[in-house]
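Open the model in a viewer with the sequence panel alongside. The stops below say what to select and what is there.

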Amino acid sequence: LLCRGEEPSHVQSSPDGQHLLLLQKSRPPTLPRVVAFQRHSIAGADLERTWQPPQPALVGLLFLQSPVVLGSWVLAVVWEHGRTEVWHFVVAVGWQLLQTLELCQGARARVISVCSQGASLVWCEERPPLGAHSDMSKCAFRFCVCARALEVGEQGVRLGAVRIVLHNSPEYQVLASPQHIFLVPAAAAGFATTSKFLLIWHPEKAKFTITAPSAGFIHSKVLHSSSESDFRKLLLGSVGLLSGFAPLDIHTSTVSNSGGLLLVSTKGSVSVVEPDGTQRHIFDLEGGPLAQGSPVRLKTFGSILACVLAGVVYLVDQNSGRLIEKEVLSMKEVHFLESQGEEDSIQLLTQTGIYSFSFSKPEDSSRPEPCLVEMVFEEACRYYQRRSLSSSKLTVEKLKKGGAFQAPVVLAAILQHSLHQKQKPARGLQDTYAKLLSTLSLELQSYMSLELLKTCVVCAPESEVESYCNELVEQEVSRILQSDMDKDNLAYLNSVFASFPKAAWKATRSCLQLQQNGDGLLVARATPEVWKKVLCQPQLEEVGQNGMVPLYELICASFLRFKPKWLPSFVELTQQYISNSWSYSSKEGPEGRVPLYKRALGVLARKNKHGEADDEMELELLLCSKRPKAVLQALHLLIRLKQWQRVVEVAEKFSKLSPLLNKEIFTTLLAELAQHRELDPYLDRLWPLCPTELTASDILTVVLQHLPHSQEEDPVPFSSEGNQLTVGLLKPLLQRVVQCPSVQEDIYSDALQSTTFPPPTPPREH
């Protein structure tokens, strides 16, 4: 009766569902009109407004909470030229006009879009230029986003001062959530770049978030003064990056009850943009691409998302994206209404009346979805396909129908019975299944706790998100370390370490049980299986192409960032484990490819800034390896840094490892001694390092080869600088070599002291 057989173009109800607004924009002779009436009342329409077509169009119908009477509502009717009528609902009387106000300050301003947040109105208005500009760039940025408080009291209505949120901007549609304002670019935007991102205004923080959800771009900027609210200044520094993104694909947009922005693309994909700028895909509507004129109705009821497209109602769980119910209606055009206190029903307005659509709510989130069983079979397909010699492709249908592979069938049966019944004993399972269930009980409990923790992360307030994320990352890292370290798991670990570096570092310490003992030494109590996954080095074709880093390098980077003093001890610890598990230079072990200290040095070399602390870290990594080449490289680095005290200390410490390394170290220091006088204070500590097989001739040969070249302008035997090596400095070394018996004499001493000469002829063998 209210619609008079005509389809309303806009339907809106008050948040408590008690009042209903209908807007009709039909052709003459019927005039456009607004009808407002109270539901559950037989009094009929309380408010009816019509206007002649020359009058500016109606832009917004907004319900505002009245501070005068609790539970009472104020209706703001906003017209295109800025005139705003404020109506107040009185229970005994009905709707009464309180006041007519002018929302805009300029006479030529035109309101494009308006929304309400709390006691404020936020709108986007067009401010045409004074002259006829031919410059399209100036015409494109002729819009302004404004905010104004609307105070309703006993004395009447008062408008606050106009606040410029954003000026010199393109056309935007403003949509309000309880704490944020979403600015969605209009379809007919002037510049192509402005249609590639969304803006999110945070009024309490005076902050704007620029987000291109499909490209994963998020950038926030706090506006400290009104001069920074210029649109072009806001995008300064991001234009070059934004220009390379694809335009936004938006068919329909609305705000959910939880505060996110629901978007429907022209391809039928439904997603939500959170207030922090992140995007999450929810569901794909059936029917292929959407036509420009085909309406899509969206409404959220708790965790349920309701969509109506072409007479079909889709009920989707927002958290999991699972289709709960699909119903075909007998009418094409329907509108959602608010249904307070009815969590398991949706109210629909049609041409013939208001209907209630009941549905079965999804059970507890800990119950496994049907898609979980499908995931079991999909994973089994990949597992068996990798190990199959046949060229035919294995599918989920073949696994379910064929009896060759029983493992996924058994696991699916266990999941369907055990997790559904929670703590009740599994019924209907075979005896063999029940035995396997008792074996898998701990794994199933871990899965349940992990799913519950993920739900807590999604629903937790911002103050508790960090603690939940730390726990979630620890469980995920522990789970991957107990599974096969394939390419997918390695890529997932890379993303975890990149997104949650501190939580990943704590998880690594917990999984490896890294701690310092009473002597200050780093110890680990990880199992051999975990060590093998940590130390394995993937093939070159598995990493590098997509930027993946092996797990050992990820852990070393975490050490460098959060505990750099522990990195050399960690490398030494890993080498000790290798020496106990694999033979030296075994091709099966990780040392058969690239030594672990070199892998740690590679992580150090990838740092953006290199300082003195990095030089010290490089020295520690080289020395902790105890490899001859690494020790000599560290010795040369110390010489280059002119740290002579440490040069001598390293020489004394590592000369004891092997005679060959002792000879290399002493020869290196003797060459340095021939070139300068920096090592003269340490000669008493250097001479005992001389190998026994070196002769005086060998020493003089090394010295003569490394003496500095004399200059032609200084023909005298001795330089005036006094930095040449003299025989007096070498005299203690030469005396020491002459007095010590050589190795050759020790070898032939037994033969020279033999009583019989020549020795007897050895017996011949026939």
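## A perpendicular pair

α11 and α12 are roughly perpendicular to each other (65 to 115 degrees counts as roughly perpendicular, under 35 as roughly parallel, over 145 as roughly antiparallel and the rest as oblique). The model is a predicted one, in which local features need pLDDT of at least 70 and side-chain atom pairs count only at pLDDT 80 or more, while totals for chains, interfaces and linings use all residues. Residues are numbered from 1 along each chain as its sequence is written, and side-chain values use heavy atoms, with hydrogens and water left out.

Select residues 528-535 for helix α11 and 551-562 for helix α12: their axes lie 6 Å apart and the packing angle is about 90°. Axes here are lines fitted to C-alpha atoms, for helices over the stretch in contact, with angles from 0 to 180 degrees between N-to-C directions. Helices (H or I, at least four residues) and strands (E, at least two) are DSSP runs, numbered from the N terminus.

Now show side chains. On the α11 side the contact (heavy atoms within 4.5 Å) uses Lys533, Val534 and Leu535, and on the α12 side Leu551, Tyr552 and Ile555. By class, five of these residues are nonpolar, none polar and one charged. Ala, Val, Leu, Ile, Met, Phe, Trp, Tyr, Cys and Pro count as nonpolar, Asp, Glu, Lys and Arg as charged, and the others, Gly among them, as polar.

Keep α12 selected. Its twelve residues reach 16 Å from first C-alpha to last, close to the 16 Å expected at 1.5 Å a residue; the expected span is 1.5 Å times one less than the number of residues. Nine of the twelve are buried, where buried means under 20% relative accessible area, exposed over 50% and partly exposed in between (1.4 Å probe, protein chains only). The buried set includes Glu553, Cys556 and Ser558.

Move to helix α15 (residues 612-625) and helix α17 (residues 644-654), whose axes come within 13 Å and cross at roughly 15°. The two are therefore roughly parallel to each other. Glu616, Leu619, Glu620 and Leu623 of α15 meet Arg646, Val650 and Phe654 of α17. Four of these contact residues are nonpolar, none polar and three charged.

## Leucine 661

Next, select leucine 661 in helix α18 (residues 659-675). Is leucine 661 buried or exposed? Leucine 661 is buried, at a relative accessible area of 4%. Not counting residues up to four places away in sequence, leucine 661 touches Pro628, Val631, Leu632 and Phe654. A C-alpha distance to lysine 629, 32 residues apart along the chain, comes to 8.8 Å.

Asparagine 168, in strand β13 (residues 163-169), is not a glycine but has a positive phi of about 55°. Its relative accessibility is 35%, so asparagine 168 counts as partly exposed.

Glutamine 513 also has a positive phi of about 55° without being a glycine. Look for glutamine 513 in the loop between α10 (501-512) and β30 (515-516); at 40% relative accessibility, glutamine 513 counts as partly exposed.

## Zoom out

Finally, show the whole chain: 22 helices and 31 strands. Of its 766 residues, 42% are buried. Among contacts with a separation of 6 or more, 48% join residues 24 or more positions apart.
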